[in-house]
Amino acid sequence: MLDPVRKPFTFKNAKKKEIDLDDEARFLKSWLENPLKTGAVAPSGKVLAARMAASIDPVIPGPIVELGPGTGPVTQALLARGIDPKRLYLVEYSTDFVKLLKQRFPLVNIIQGDAYSLMDTLRPHVSEPISAIVSSLPLLTRPEKERARLLQAAFNVMLPGSPFVQFTYMNPSPIPLAPGFTANVSRRIWKNLPPARVWTYRRPTV
């Protein structure tokens, strides 16, 4: 019986696999040290990251904020979508992840701070209304009222009608749906591990 066809080994493939494994190890270490702040045991997959980035229109001007970027898979997807790195502001709590992000994305603005104190964290760095926020925060580890406050704070610093994009492994909305907000959810992304959905929230213009 013939052996199945396999992709030829290359040092390029080996290097990419090594990076992926390193990122998974970093996430697992961070989760073991503080599961409530890290939330996931592995970084977002490429398909999930691309789906989140697809919710952002690169033509609309203004800063774009990413909350909880971790090792940067969604950051990479945003750059691949054509977002100017100088427009990106990453808010990351972990010191280790901040160091890694600065190495990987030297042209991106990286802020070490608490996303749940969003206005105080962004105020020294961003002076104009934000055009979009993309979040990989483990929201379900936080009380419902705190999640609602985060969404309210986000809309207070964003342009009217701008999207707040959040992924979740669960079926229900990770943020309580309040009057005046709209929400759309993607189909389940089975290629991610664990499978996930992407929610996009907006506060319509009046």
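Visitor: Which residues does R147 touch, leaving out those up to four places away in sequence?
Guide: In this predicted model, R147 touches L139, L140, R142, P174, I175 and P176.

Visitor: And where is R147 found?
Guide: R147 is part of helix α7, which covers residues 144-157.

Visitor: Is R147 buried or exposed?
Guide: R147 is buried, and it has no salt bridge. The nearest side chain of opposite charge is E144, 4.8 Å away. A salt bridge needs the nitrogen and the carboxyl oxygen within 4 Å.

Visitor: What backbone oxygen does the R147 side chain reach, then?
Guide: That would be the backbone oxygen of P174, at 2.8 Å. P174 is also among the residues that R147 touches.

Visitor: OK, switching to salt bridges. How many are there in the whole structure?
Guide: A search of the whole structure turns up two. In one, E146 pairs with R142, with the closest N and O atoms 2.5 Å apart. In the other, the side chains of D120 and R123 meet at 2.9 Å, N to O.

Visitor: Are D120 and R123 buried or exposed?
Guide: D120 is exposed, and R123 is too.

Visitor: Why does R142 count as buried?
Guide: Its relative accessibility is 19%, and buried means under 20%.

Visitor: Last topic: where does N156 lie?
Guide: N156 lies in helix α7. N156 counts as partly exposed because its relative accessibility is 45%, between the 20% and 50% cut-offs.

Visitor: How far apart are N156 and R203 in space?
Guide: They are 9.9 Å apart, C-alpha to C-alpha, and 47 residues apart in sequence.

Methods: Residues numbered from 1 in each chain as written. Predicted model: local features only at pLDDT ≥ 70, side-chain atom pairs only at ≥ 80, totals over all residues. Heavy atoms only, no water. Buried < 20%, exposed > 50% of the residue type's maximum accessible area, 1.4 Å probe, protein only. Helix = DSSP H or I, 4+ residues; strand = E, 2+ residues; numbered from the N terminus. Lys, Arg positive; Asp, Glu negative; His and termini not counted. Polar contact = N/O pair within 3.5 Å; in protein donor to acceptor, adjacent residues only side chain to side chain. Contact = heavy atoms within 4.5 Å.
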